[in-house]
Protein chains: 2
Amino acid sequence: MKPRDRIPAAERREQILDAAAQVFGELGYGGATTDTIARAAGISQPYVVRLFGSKENLIVEVIERTCDRVMATFREAIALEDDPETLPRRIGGAYIGLVSDRGILLTLMQAFGAGHDPKIGPVARIGLMRIYDQLREEAGFSAEQTREFLAQGMLINTLIGSGLSAQLDTDARVAELFECTFQDKLPLVRAGMSLAAR
Amino acid sequence: MKPRDRIPAAERREQILDAAAQVFGELGYGGATTDTIARAAGISQPYVVRLFGSKENLIVEVIERTCDRVMATFREAIALEDDPETLPRRIGGAYIGLVSDRGILLTLMQAFGAGHDPKIGPVARIGLMRIYDQLREEAGFSAEQTREFLAQGMLINTLIGSGLSAQLDTDARVAELFECTFQDKLPLVRAGMSLAAR
DNA sequence: GGGGCTTGTAATCATACGATTACATCATCC
DNA sequence: GGATGATGTAATCGTATGATTACAAGCCCC
């Protein structure tokens, strides 16, 4: 037995939540195991279960935290912008910036795909509508602007989640789709891609 | 033992593929079990495994068939349309028409979210790009039109997959988002909703 | 310096699930 | 009419996995 450095539980929870976002994003709720998450966080499997009670509780917290982070990112972009004309592009760029943390977008995608689950579904729905509200009210988007924005976000999630970015340099159609979708933010995607290849 | 009516294997495979699309769509790859699929198809679990070799093979076939169906639907819409002006709306309407079979859209979503998987990922990517090609070439969409169309499709998948449609009549914000997204096709969503409530 | 709280692991359990095997039933051909 | 192949199930196996338990080791306060 080699007990790791002892760390306050609150901090350890944060580490686990970070690791879990990655793992849930990659493997989905069913595919991810508490042991995989534990290894990614550098601790033992039972400790993960003890700190969160259950795998289900864990992903609920992961989803809530993910939504919080997305909203915080948007809030920043809204705050430092005063021209309502360019605000959509600014917030969109902020969202694309989140690809650098693969876990965030992929976790969102998995969450929305688990709408059937009695525990996960409600959390995902509340998170999505909280983001919708923020765009409508804080950002001042119209309903149509918000729909357009969310649609673009879901496409981004799909492109990243499907792993197509790996074919960015070998498939011209993929390149076309990505250039059209990410435009000047495309370098961010490439950066996130090489980062994820570890 | 109560052997069901004996049915040719080819036909039984179709039944299983239909059932599997529903179950995989609802529960995801990890959450779905071969037994659940078997029960949905009205047969025993071992027979599912025998007819497809493995759960992994099964979902691969489900994804391929789902993409085929989407493309066939689009092809129909393209064929009976001669005005390139209204073609995007026509194809979009055709896609929304697919919500009546919940399994199709949800399976697509699960497939794209499993891009990491060494077996499922490639199939999902090929399917997505086949659809992209069809829109670009057969439908004659520009890259930008195609991006817009796919984004809208992914939003639709998300809205249906997250289960938000159940709150259509109780949450004004949800109603706003759905009206903006589906417009005159909204009744189709309601119909699909009540259909899924069984 | 020791009692008690916190942080952590090893060992183990119970179960769910995909897969395999062996067997049953029916149709068809000769 | 019985051999053969196709269609199907019951029983079972091996393993992965979430959870539980028991225990170890540091920290802190008095």
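1. Helix 3 of chain A contributes the most to the surface near DNA strand C, with three residues. Near means that a heavy atom of the residue lies within 4 Å of the strand; helices are DSSP runs (H or I, at least four residues) numbered from the N terminus. Helix 1 (9-31) of chain A and helix 3 of chain B also supply at least two residues each.

2. This is a predicted model, in which local features need pLDDT of at least 70 and side-chain atom pairs pLDDT 80 or more, while totals for chains, interfaces and linings use all residues. Residues are numbered from 1 along each chain, chains are lettered from A and ligands numbered from 1 in the order written, and side-chain values use heavy atoms, without hydrogens and water.

3. Around DNA strand C there are 22 residues, of which A:Arg6, A:Ala9, A:Arg12, A:Ser44 and A:Arg50 come nearest.

4. Polar contacts are pairs of N or O atoms within 3.5 Å. The side chain of B:Arg6 places an N or O atom 2.8 Å from a base oxygen of DNA strand C.

5. B:Arg6 also has a polar side-chain atom 2.9 Å from a base nitrogen of DNA strand D. For B:Arg50, a side-chain N or O atom is 2.7 Å from a base nitrogen of DNA strand D.

Technical notes: Polar contact = N/O pair within 3.5 Å; in protein donor to acceptor, adjacent residues only side chain to side chain.
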